[in-house]
Amino acid sequence: MLAKTLMIQGTCSHVGKSVIVAALCRIFKQDGIRVAPFKSQNMALNSYVTKEGLEMGRAQVVQAQAAGLDPVVEMNPILLKPSADKVAQVIVMGRPIGNMSAVNYHQYKPFLLDTVAKALEKLREEHELVIIEGAGSPAEINLADRDIANMRIAEMADAPVILVGDVDRGGVFAFLVGTLELLSSTERARIRGFLINKFRGDVGLLEPGLAWLEDKTKVPVVGVIPYYRELGLEEEDSVSLENFIGRQLLNASLTPNDNVDIAVIYLPHISNFTDFDALSREKGVHVRYVASPESLGSPDLIIIPGSKSTMSDLGYLKNTGLAELIIQAAEKAIPVIGICGGYQMLGRKIRDPHHAESNQEEMEGLGLLDVETVFSAEKTTSQVTFQIIGGWPPLLQKMAGLPKITEEQGYLSGDRKVPLEGYEIHMGTTLRGPGASPLFKIKRKGEERELEDGAVSQNGLVWGTYVHGIFDNDALRRGLIQFLRERKGLRSEPFSVAWAQSQLSWSRDKEESYDRWAEVVRQSVRMGLLYGLTSLKPR
C-alpha cells in the first residue's frame, strides 16, 4: 500500500515552505509516523552528497534529518545549480546530465516526469506519509503547461495541498486569494488549507482578516506561525544570505575585541555556504560575509568558499580589489582557508582546456598556494573520511605531549590520527608543486585506497581543500578557534578533544533545533486538521 501524501505549496518563493516541511517531518516522526520529504525539482547552489555518492538539494537533507532518515536522492530527483543568469547545471537522480539554458530546460521538463513519478513511488512504498514541497508558486500560468513541481505533482500523488503565505512581506491576503483565483477549478479543489507564516505581534490583530479569508474562499486557515529568529536550520538558498549581507554591510568590518573575527568572502556564485554554519554558532566567534573591499577589515581568519563558477568569481575578486587585499592579508600572516572553488582560486593558475566551466582557457590565481587546477567534465561526488596529514592546531599538539609548535610553523603541523568526516563535490584536478604539502589523507566511501587532498603553504597559514563540511567536526572546529583565540591574545580553556566536543556538538545542536522549531509549529498549527487530511493518527 502506498503512503499517504500531503503537499506544501507557496504563494511565491521564500515564504518558508522548506522549513515548514522540516517541522512537519519532525512532528510526524515524534508522533510515531514513518514520514519522508519529497521535492521533485529544486534550484540551489547548496547541495549535499549522499552515501551513494549522489548529489541532492540541501533542503531535503534537512527535512530528511528532521524525519530521522538518511538522505536519499529520491527525495530530490531533479536539482538545478545555476552557473550563469540563464544557464544551470541539470542534475537528475544525483548525476549531472549537462548545462541547459532556461528555455531549453523548459522544453526538456516533460521528459523528466517519469523520473519524478518513479522517485515518488519508491518513497511511498517505504513510508507511511510523504510530505511534498512545491517550488515557487502554482500560479505561474506561463509555466503551467510544463509544470513538474506543483499542481501536476499534487495530482500525480493525489495530495491535499496546504498553501503558505508570508505575512512579513505584506499583502498576504492578496497573495493567497490571488493564487487561488489563478488556479483551475480542479486545482483549487486541492487547496485544503491556508497557512500564514512569519507573523510578528498579537495574532488577535490578524483574526478579522482570517475570518474574512475563510468566508471569501471557503478554505480553512490551518494556522499562523510566528516569525522565529535563529531557527538553527541550515539555509539552502543564497537569497537568505544576500539579505543577511545587506543587513550587515554597514558595520561588517567591526567586531567586538573579545570575539574571533572570521571573514567569509561572499562570491556571486557562492555554493555550500552551510560549511560555515557550525562556526557561526560558536560562542565568541563572529562569522561575517564580505562582499566589498571596504568591509574586509583585519579579520583573524579569511575563508574563500566554494563556487559554482570558479573562474568567473575569481575574476570578480580581482575586479573588485578583494583579491589584492586577500594577498596582502596573507603576507601579514593572517590565516587564509580555501574550500573547493576557493581552494582552486588560491593556486597559481586555473586551466579549462575543454571549456567545462568557462569560455576562458586559463586564468592566473591568487598565488598563495603552489598548486594548479585543470577542469574536466567529470564531477567528483563522494562522502569521505579524512585525517589531517599536517596534524592538529598547536593546542592539541601540546595536549598530546608533542613538541610545541610555534606560530611561524602555523596551525597545521605534526600528525594526529583523528577520524573526521566530510564530502566532495567538485570538477577538476588540483596538482601540488614543491612549495605546498598535502593537507588531508582521505578515503572515499566504498573505496579502500587512501588519497591525498588539499595543500598547505610552507608557513602553514594558508591551506585549501576539496572537502566540504570540515567545520562540522567538533574537535577540528574548536581546535581552530582556540588557535585563533590564543593568537589574538584572548583567554582560552585548557584544550582536549573531549572538552572541544562538549562545547558544541554540531549534530546534537541540529537535533535540538529541529525539536525547538517543531514545537513552535505544533503549537501554531491545527494538527488535527492535517491528520484528518492524511487519514493517519498519532501513535
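Strands here are DSSP runs of E with at least two residues, and helices are runs of H or I with at least four, numbered from the N terminus. By that rule, His468 sits in strand β27 (residues 467–468).

What you're looking at is a predicted model, where local features need pLDDT of at least 70, side-chain atom pairs count only at pLDDT 80 or more, and totals for chains, interfaces and linings use all residues. Residues are numbered from 1 along each chain as its sequence is written, and side-chain values use heavy atoms, with hydrogens and water left out.

**The active-site pair**

An unreviewed UniProt entry puts the feature "active site" at Cys340 and His468; such annotations may be inferred rather than shown by experiment, feature names are shortened, and positions follow the numbering used here. They are spread over 129 residues of sequence, yet they cluster in space, with a largest C-alpha distance of 7.4 Å. Cys340 lies in the loop between β18 (336–339) and α13 (341–346).

Are these two buried or exposed? Buried means under 20% relative accessible area, exposed means over 50%, and partly exposed is in between (1.4 Å probe, protein chains only). Here's how they come out:

| Residue | Relative accessible area | Class |
|---|---|---|
| Cys340 | 8% | buried |
| His468 | 1% | buried |

Now for contacts, meaning heavy atoms within 4.5 Å. Leaving aside neighbours within four places in sequence, Cys340 is in contact with Gly306, Ile425, His426, Thr465, Tyr466 and His468. Not counting residues up to four places away, His468 touches Asn272, Asp275 and Ile339, among others, and also Cys340.

**The nonpolar cores**

In soluble globular proteins, nonpolar side chains tend to be buried together. A nonpolar core is a set of buried Ala, Val, Leu, Ile, Met, Phe, Trp, Tyr and Cys residues joined through side-chain atoms within 4.5 Å. The largest one here has 66 residues, and Phe386 and Phe440 are among those with the most contacts inside it. Helix α12 (residues 322–331) gives the most to this core, with 6 residues. A second, separate core of 47 residues includes Met7, Ile153, Ala157 and Leu176.

**An open sheet**

Two strands pair if DSSP finds at least two bridges between them. Which strands make up the open sheet? There are 4, in the order β3-β6-β7-β8, with mixed pairing. β3 (41–43) and β8 (95–101) stand at the edges with a single partner strand each, so one side of each has no neighbour in the sheet. Strands β6 (residues 78–84) and β7 (residues 87–92) run antiparallel and are joined by 6 bridges. Ile78, for one, has Val92 in β7 as its bridge partner.
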